[in-house]
Amino acid sequence: MQLSLSRGRSLLTIVMRGVSRLNLLLAGISAATLVAATAAVFCEILSRLFFGKSLIWVVEVSGYALLYMTFLGAPYLLEKNRHVAIDIAIEHLPPRLQTPLALVMALFGAAVCLYAAWYGLVVTLDQYQFGIRETTVLAPRSYLLTAVFPLGMFLLAIQFVAQAGACLKR
């Protein structure tokens, strides 16, 4: 019995290490996307300044970049506890209440993210199946834009579950 339990823990450790590496990779892609979007906006400014012409694709691509940056970088930030948190009320609670509240909040966050990931996956698959395109200048296939949402939300759910597990160990 003890042997199987230790294997389960080591398997969980391996899986979480893999998720952590994936989060780091996606955060790197998010950072590269930020740099590329910034460079594109800079080129847009230079084009308007020196040539009097606008690069019509820059605003659209920058919007898509914001979507990708958000959902690719968020799981890493949550894993490292670098996300935005309003904890002024929690800090003033007695220490014996802080951990149970953190557990409930982590489980609630996981549930919301799992639901959002499921719904996002359904929408993405629907867009893929019907070949839906955006009604913009570049007209990309919609699923290429929305696919990042269920991925990011699923990885966020995993991080919330990990936070809940950490609360149970305290």
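Visitor: Where is Thr124 found, to start with?
Guide: This is a predicted model, and in it Thr124 is found in helix α4.

Visitor: And is Thr124 buried or exposed?
Guide: Thr124 counts as buried, because its relative accessibility is 8%, which falls under the 20% cut-off.

Visitor: What is Thr124 in contact with, leaving aside its neighbours within four places in sequence?
Guide: With those neighbours left out, Thr124 is in contact with Tyr143, Thr146, Ala147 and Pro150.

Visitor: Switching to helix pairs, how do α4 and α6 cross?
Guide: Their axes come within 7 Å and cross at roughly 160 degrees, which makes α4 roughly antiparallel to α6, since angles over 145 degrees count that way. The crossing in which α4 passes α6 is left-handed.

Visitor: What kinds of residues make up that contact of α4 with α6?
Guide: The residues of the contact divide into 21 nonpolar and 5 polar, with no charged ones.

Visitor: OK, now the largest nonpolar core: which residues touch the most other members?
Guide: That core has 15 residues, and Cys113, Met153, Leu156 and Phe160 are the ones that touch the most other members. The elements giving two or more residues to this core are α1 (2-51), α2 (57-79), α4 (95-130) and α6 (148-169).

Visitor: Which of them gives the largest share?
Guide: The largest share comes from α6, with 6 residues.

Visitor: And what does Cys113 touch?
Guide: Not counting residues up to four places away in sequence, Cys113 touches Met153, Leu156, Ala157 and Phe160.

Notes:
Residues numbered from 1 in each chain as written. Predicted model: local features only at pLDDT ≥ 70, side-chain atom pairs only at ≥ 80, totals over all residues. Heavy atoms only, no water. Core = buried A, V, L, I, M, F, W, Y, C linked by side-chain atoms within 4.5 Å. Buried < 20%, exposed > 50% of the residue type's maximum accessible area, 1.4 Å probe, protein only. Helix = DSSP H or I, 4+ residues; strand = E, 2+ residues; numbered from the N terminus. Contact = heavy atoms within 4.5 Å. Axes fitted to C-alpha atoms, helices over the stretch in contact; angles between N-to-C directions. Parallel < 35°, antiparallel > 145°, perpendicular 65-115°, else oblique. Left-handed = near helix turned anticlockwise from the far one by under 90°. Nonpolar A, V, L, I, M, F, W, Y, C, P; charged D, E, K, R; others polar.
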